[in-house]
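Hello,

Here is the structure you will be working with. Please open it first, then read the notes below.

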Amino acid sequence: MSELTFYTNPMSRGRVVRWMLEELAIPYHTEVMAFGPEMKSTDYLAINPMGKVPAIRHGDTVVTEVAAICAYLADRFPEKQLAPAANSPERGPYYRWLFFMAGPFEMATSARAYDWRIDDSNVQAVGSDRLDDVIRTLEQALSRGPYICGEQFTAADVLVSSYLWWETMQKNLPPNEVFQNYVDRMESRPAAKRANQLDDELAEQMNAATA
């Protein structure tokens, strides 16, 4: 098996990929990147020219962007059953929700966080629609089954749950019982708990080193 290297910072979207890796239960090596000059170093820019985390290197393959990493890992390790089968009717919804979170959801919540204007003058042009529409769309999807794709836990749940948790904590989403119940169920998974513990410990170590 090719060695997998995970580039991350415990206070970043790398936490989503950490959870995905723990769900897979595969060996991987972690490279911790500090925000600032280290992420913009020549060596790291050869991995991700954007100078951002997370990223993974799996043999000769480099993947950046959280949704892309989760999708790649689910497909690369099909025996872990973290994606619907390619010929499954759930494959379409699986792709839909992965990219819904990476696109409309993140756009709409970022607009709320930074007071970017989405209104009648531009709503047809932006990729997200209004935040209320994004919330309603997710509520409807999560009311249909235990997971975002129905009866199977997938990489899409890792992404959806992580982003809902973060944006609720940041108060970019109002309190929502459907979202909270879903996040609580996902966060109770053993892999989610292991991932949080690993990143919390890593954050403490980094804070202590800079104190």
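Four bridges join strand 1 (residues 4-8) to strand 2, and the two run parallel. Strands here are DSSP runs of E of at least two residues, helices are runs of H or I of at least four residues, and both are numbered from the N terminus. Two strands count as paired if DSSP finds at least two bridges between them. Across this pair, phenylalanine 6 stands opposite threonine 30 in strand 2.

This is a predicted model, in which local features need pLDDT of at least 70 and side-chain atom pairs count only at pLDDT 80 or more, while totals for chains, interfaces and linings use all residues. Residues are numbered from 1 along each chain as its sequence is written, and side-chain values use heavy atoms, with hydrogens and water left out.

The open sheet has four strands in the order 2-1-3-4, with mixed pairing. Strand 2 (29-32) and strand 4 (61-64) are at the edges with a single partner strand each, so one side of each has no neighbour in the sheet.

Now the cysteines. How many disulfides are there? The count is zero, where a disulfide is a pair of cysteine sulfur atoms within 2.5 Å. The reason is distance: the sulfur of cysteine 70 has its closest cysteine sulfur in cysteine 149, 13 Å away, which is too far for a bond. Cysteine 70 is buried, with a relative accessible area of 0%, and cysteine 149 is buried at 5%. Buried means under 20% relative accessible area, exposed over 50%, and partly exposed in between (1.4 Å probe, protein chains only).

Regards
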